[in-house]
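Biologist: Please take a close look at one part of this model for me. I want the place where the two chains touch.

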Amino acid sequence: MMDWPTVAVAIKALGASLGAFLALVFQPPKSTRDLLIRSLFAFASGMIFGDPAREQYLKWPERWEYWLASAALVALVSWAVYGAAIRLIGAYKGPK
Amino acid sequence: MTGVDTSLLIGLCVALAVSVGNKRAWGWLLAGAASYTASVLYWRSGLPYAPFIAGMCDALICLAIYFWAKTRWEMMVWRLFQASVLVNIVYLGGTLNAWPSPSHNAYSIILELINWAALLWIGGNGAYQPVGASTDALPTAGGPLRRLHRALSALHKPRATPAFTKAGR
């Protein structure tokens with residue numbers, strides 16, 4: 001029988017994996033390298049930022065459905081959000 | 001089976017009939033039908049988070065199209081399934097109270113419209129492929145039928161594809 005923290009991590013990992021998978025549906029990869037990098041990046045983002053996003057910004061309750069959903073949502077949008085942030089920073093700095 | 005299922009089944013049979021001989025059209029039609037059947041069976045069994053299952057079925061077809069589609073018209077089917085995934089995600093979020101829930105009727109109607117659009121698009125292109133192979137019957141070189149033919153035949157050209165998919169092989 002798994003203990004509760006392990007189950008919680010497994011749920012978040014499942015959510016992050018689903019989000020990474022769905023991100024590929026909306027923005028398909030251009031190469032195998034792209035596929036691997038983006039999948040890993042989205043998964044890591046979901047695992048790391050899923051909980052903080054749920055608690056601080058989304059204000060979703062403390063239930064397993066919301067752990068899964070927040071990890072999936074963060075993984076789904078992570079690549080686009082970081083991409084937008086990098087472009088904004090680039091635009092702010094101006095051309096070299 | 002409800003009236004909606006029956007009408008979709010009739011539409012599927014018609015689309016299959018008009019695209020006989022076009023294996024790619026048949027493949028995507030049957031894949032869409034399998035996705036619809038799986039989603040509806042799950043939904044009617046009363047199990048939770050049905051929009052999630054529906055979205056994942058459509059997402060699988062989306063990726064299958066992305067990896068195996070060869071022509072431009074198939075990529076429009078990909079867009080339709082993308083839209084279907086998005087609708088399911090939005091509705092799922094609504095049922096989880098993550099954001100204001102859209103009505104179930106609106107959700108169903110949008111998905112039905114997408115299903116019918118996919119049937120018409122795949123059936124139409126499946127039918128066009130053999131018919132459009134011959135231009136003998138088309139009148140006058142600059143006429144509207146010729147222009148329509150040119151526009152439609154562009155849809156049947158190879159799509160731009162990443163090197164690692166199977167579409168280019």
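How many residues does the contact take from chain B, and how many from chain A?

Modeller: The contact takes 11 residues from chain B and 12 residues from chain A. Two residues are in contact if their C-beta atoms, placed from the backbone, lie within 7 Å. Mind the basis: this is a predicted model, where local features need pLDDT of at least 70 and side-chain atom pairs count only at pLDDT 80 or more, while totals for chains, interfaces and linings use all residues. Residues are numbered from 1 along each chain as its sequence is written, and chains are lettered from A and ligands numbered from 1 in the order in which they are written.

Take the chain B side of the contact. H3 and H4 of chain B are the elements that give two or more residues to the side touching chain A. Helices (H or I, at least four residues) and strands (E, at least two) are DSSP runs, numbered from the N terminus. H3(B) supplies the largest share of that side, 4 residues. By class, the side of chain B that touches chain A has 10 nonpolar, 1 polar and no charged residues. Here Ala, Val, Leu, Ile, Met, Phe, Trp, Tyr, Cys and Pro count as nonpolar, Asp, Glu, Lys and Arg as charged, and the others, Gly among them, as polar.

H1(A) and H3(B) pack at about 50°, with their axes 9 Å apart. Axes are lines fitted to C-alpha atoms, for helices over the stretch in contact, and angles run from 0 to 180 degrees between N-to-C directions. H1(A) and H3(B) are therefore oblique to each other. Angles under 35 degrees count as roughly parallel, over 145 as roughly antiparallel, 65 to 115 as roughly perpendicular and the rest as oblique. The crossing of H1(A) and H3(B) is left-handed. That means the near helix is turned anticlockwise from the far one by less than a right angle; clockwise would be right-handed. From H1(A), the contact uses A:Phe21, A:Leu22, A:Leu24 and A:Val25; from H3(B), B:Ala59, B:Cys62 and B:Leu63. These divide into 7 nonpolar, no polar and no charged residues. An α-helix has 3.6 residues a turn, so residues three or four places apart point the same way.

H3(B) itself covers residues 50–68 of chain B. At 1.5 Å a residue, its 19 residues should span 27 Å, and its end C-alpha atoms are 27 Å apart, which agrees. The expected span is 1.5 Å times one less than the number of residues. A residue is buried if 20 or more other C-beta atoms lie within 10 Å of its own, exposed if 12 or fewer, and partly exposed in between, with C-beta atoms placed from the backbone.

By class, the contact of H1(A) with H3(A) has 19 nonpolar, 2 polar and 1 charged residues.

H3(A) also packs on H2(A), residues 32–58, at about 125°, with axes 6 Å apart. These two helices are therefore oblique to each other. H2(A) passes H3(A) in a right-handed crossing. The contact has 13 nonpolar, 5 polar and 3 charged residues.

Chain A has 3 helices and 0 strands. Buried residues make up 31% of its 96 residues. Its C-alpha trace spans about 55 × 30 × 20 Å along the principal axes. Chain B has 6 helices and 0 strands. Of its 169 residues, 30% count as buried. Among chain B contacts between residues at least 6 apart in sequence, 64% join residues at least 24 apart. For chain A, that share is 75%.
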